[in-house]
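Okay, thanks everyone, let's get going.

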Amino acid sequence: MRSIEEILTLYRQRVTFYGPLQTKMRIIQQIYNGTAEVALPDMERNEIPYAPNLLAQGVDQMAGRIASVIPSVTFASKNNNRTETRRVQTASSVVTGWWQADRIPMKMKQRARHMIAYGMSPVVLRWNEKEHRPTWHVRHPLETFPSTDLIPGTVTPTDCIFAYRRSAGWLRSMGYTPQLVAVVGNNDLHDSASMLLMEYVDKYGTQLLLTSYAQSDPTYGVTYGDDGGGLRGAILEFLPNPSEEMSCTVPMRITLDGAAGQFDNMIGMYYMQSRLMALETIAVEKGIFPDTYLISRPGEIGRYLDGPHDGRTGMVNIIAGGDIREIQSQPGYLTNPTIDRLERNQRVTAGIPAEFGGESTGNIRTGRRGDAVLSAVIDFPVAEAQETFAFALEEENEIAIGLAKSYDGSTSRTLYVGTGNTTKAVTYSADQVFPDPEHVVSYPATGTDINSLIIGLGQRVGLGIMSKRTAAMLDPFIDNPEVEHDQIIAEGLEQALVASIQQQAASGALPPIVLSQIMTLVKSDKMEIADALNKVTEDAQKEQEAKAAAEQQGMAGSMDPQAMAAPAAMQALTGAQASPIPGPSSGQSALSGLLSTLRRPAQTVQPMRGVDRGAM
């Protein structure tokens with residue numbers, strides 16, 4: 001556990017180290033939020049930017065494509081027995097359930113914007129005592145100061161400092177009045193006064209510090225209060241980390257040296273374009289309302305008797321001894337081409353194609369060519385960001401597993417995984433499900449968004465080089481490929497069953513009364529068609545058994561019409577083939593017996609061979 005002086009010293013060093021990066025971050029933030037101003041020092045005025053906000057468009061489009069696909073979590077079984085296979089499936093479901101309960105898909109959209117715009121996407125994992133699960137806290141890059149040994153490509157720093165501000169009133173409401181008095185020296189501070197707080201996170205825990213009063217923002221310039229440049233501090237909270245693993249990750253965008261956003265190089269061009277457009281707008285305004293000059297006549301002194309008035313007021317200028325002349329000012333002849341050239345340079349430098357704005361360049365004639373151009377611009381940045389996030393999520397899941405084992409241990413917990421009809425309850429014990437935290441987090445196909453992924457899977461299945469089961473495992477819309485596979489088979493068999501019943505009903509093999517029973521059960525949403533068919537079959541079997549018992553007792557005449565139809569229904573439902581010729585009635589059977597008796601020969605002795613029958 002570090003002392004307050006050591007933490008404050010580290011903070012000073014990291015403010016200096018990350019100062020240039022955070023200066024760019026704040027400019028990017030102003031451009032994205034539309035709060036940037038274009039300074040016109042020659043005119044002693046500031047203008048809002050009139051240039052199209054390509055940066056905000058590029059950040060939203062790139063981040064949307066990166067976060068549109070959720071990666072899959074895979075635990076490998078050590079052997080192929082059924083128990084181990086179920087354990088790894090449960091482990092994957094538990095981590096996926098944590099993501100779903102913590103709204104990780106929504107948080108990934110925020111993290112993707114941080115990664116693209118600022119070059120880093122910090123997050124802190126903590127244990128949620130109320131819901132008994134780990135939770136991901138997304139932190140703003142402007143308040144993040146990781147250890148200086150963190151290089152692009154790695155995600156876990158040695159330690160990290162988060163510096164942010166809270167009001168004195170908030171500190172008092174949280175019960176930190178003694179620490180506030182100890183740092184400031186009195187309790188006279190107004191509730192709206194801004195105080196600097198620091199969170200120091202390492203593998204042993206999190207320390208929350210309150211530092212001396214400072215009005216300026218530390219990311220711009222360091223202002224350490226009224227004590228001659230030295231920070232004072234007091235510890236507000238200390239939260240130990242039972243897993244003794246670093247609970248903070250700071251994935252960075254891969255560059256040559258340090259962290260950098262994708263749009264850092266377009267800042268100068270954006271402000272130049274905005275300045276030119278502001279000057280052009282001013283020139284157009286002057287062309288509509290030109291400057292007016294009073295020119296004296298020879299030997300006279302020109303003067304205004306009433307005025308001067310702006311032309312926009314509609315009032316008349318009255319003069320004596322001179323003439324009024326208007327001076328027209330027009331923009332330079334290369335102003336518009338220069339503005340258009342700056343916009344093109346921004347698109348090329350930052351990788352913002354016209355398709356992001358719903359437009360298409362003039363030299364593209366086919367959809368395939370448009371896809372190829374768009375793919376050349378965005379596929380590799382998207383793939384790089386997705387691979388970085390996959391590695392970061394893998395590290396974060398291991399941290400979450402360590403927290404679950406430390407806080408829950410062998411306690412049994414239940415969470416719900418999936419959406420819609422695929423939602424299922426998963427009961428687990430952290431110690432049993434996660435004996436080894438090693439696993440793999442991977443995207444189905446890095447560099448593709450959700451639309452490209454689905455199209456690619458369909459094409460591969462159509463070509464026959466990928467099975468439908470594999471495509472279901474890669475499809476992010478399918479939570480459980482095994483359940484989906486069983487559902488597809490069940491739907492196919494259901495269609496075959498419906499076709500079979502329709503065929504029997506059309507041919508008359510299925511009695512109408514049985515068909516109506518099945519239709520009533522299905523239509524009233526009491527049963528599915530398979531269950532309805534089983535129920536009608538069981539009822540027909542019971543009726544047939546009851547009729548047989550009644551015939552044995554001599555009560556066959558008391559059967560109702562539905563029971564009389566039971567044999568035919570049973571025959572149709574059991575699939576027995578009925579003869580196209582109707583069976584004989586009772587009278588026909590008696591007549592057949594009588595005729596067989598009359599046709600019997602008078603003698604049964606066969607004549608001897610060689611004897612003439614006529615002689616006999």
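So, the protein has 19 helices and 18 strands. Those are DSSP runs, numbered from the N terminus: helices are H or I with at least four residues, strands are E with at least two. Bear in mind that this is a predicted model, where local features need pLDDT of at least 70 and side-chain atom pairs count only at pLDDT 80 or more, while totals for chains, interfaces and linings use all residues. Residues are numbered from 1 along each chain as its sequence is written, and side-chain values use heavy atoms, with hydrogens and water left out.

A few overall numbers. Of the 616 residues, 37% count as buried; buried is under 20% relative accessible area, exposed is over 50%, and partly exposed is in between, with a 1.4 Å probe and protein chains only. The accessible surface comes to about 35,100 Å², and 53% of that belongs to carbon and sulfur atoms. That area is from the Shrake-Rupley method with a 1.4 Å probe, and for residues only the protein chains shown count as cover. As for contacts, meaning heavy atoms within 4.5 Å, take those with a separation of 6 or more: 69% of them are between residues 24 or more positions apart.

How do H3 and H10 pack? Helix H3, residues 54-67, and helix H10, residues 367-407, pack at an angle of about 55 degrees, and their axes are 9 Å apart. The axes here are lines fitted to C-alpha atoms, for helices over the stretch in contact, and angles run from 0 to 180 degrees between N-to-C directions. That angle makes H3 oblique to H10. On wording: under 35 degrees counts as roughly parallel, over 145 as roughly antiparallel, 65 to 115 as roughly perpendicular, and the rest as oblique.

On the H3 side you've got Met-62, Arg-65 and Ile-66, and they meet Leu-374, Ile-378, Pro-381, Val-382, Ala-385, Gln-386 and Phe-389 in H10. The residues of that contact divide into eight nonpolar, one polar and one charged. For those classes, Ala, Val, Leu, Ile, Met, Phe, Trp, Tyr, Cys and Pro count as nonpolar, Asp, Glu, Lys and Arg as charged, and the others, Gly among them, as polar.

H10 has another partner in H5. H5 and H10 pack at an angle of about 125 degrees, with axes 12 Å apart, and are therefore oblique to each other. H5 passes H10 in a right-handed crossing. Met-108, Arg-111, Ala-112 and Met-115 of H5 make the contact with Thr-388, Phe-389, Ala-392, Leu-393 and Glu-396 of H10. This contact comes out as six nonpolar, one polar and two charged.

Val-514, Gln-517, Ile-518, Leu-521 and Val-522 in H15 meet Ile-529, Ala-532, Leu-533, Lys-535 and Val-536 in H16. Those residues divide into eight nonpolar, one polar and one charged.

Now some single residues. Which residues does Pro-242 contact, leaving aside its neighbours within four places in sequence? Those are Ser-406 and Tyr-407. Pro-242 is in the loop between strand E10 (233-240) and strand E11 (248-249), and with a relative accessible area of 44% it is partly exposed. Its C-alpha atom is 9.6 Å from that of Lys-405, 163 residues away along the chain.

In that E10–E11 loop there's also Glu-244. Most residues other than glycine have a negative phi. Glu-244, though, has a positive phi of about 55 degrees and isn't a glycine. Glu-244 is exposed, at 53% relative accessible area. Arg-103, also not a glycine, has a positive phi of about 55 degrees, and sits in the loop between helix H4 (82-101) and helix H5 (104-118).

Last one: Ile-318, in strand E14, residues 318-320. Ile-318 is partly exposed, at 41% relative accessible area. Apart from its neighbours within four places in sequence, Ile-318 is in contact with Arg-303, Tyr-304, Leu-305 and Asp-306. The C-alpha atoms of Ile-318 and Asp-306 are separated by 4.9 Å, at 12 residues apart along the chain.

Note on methods:
A crossing is left-handed if the near helix is turned anticlockwise from the far one by less than a right angle, and right-handed if clockwise.
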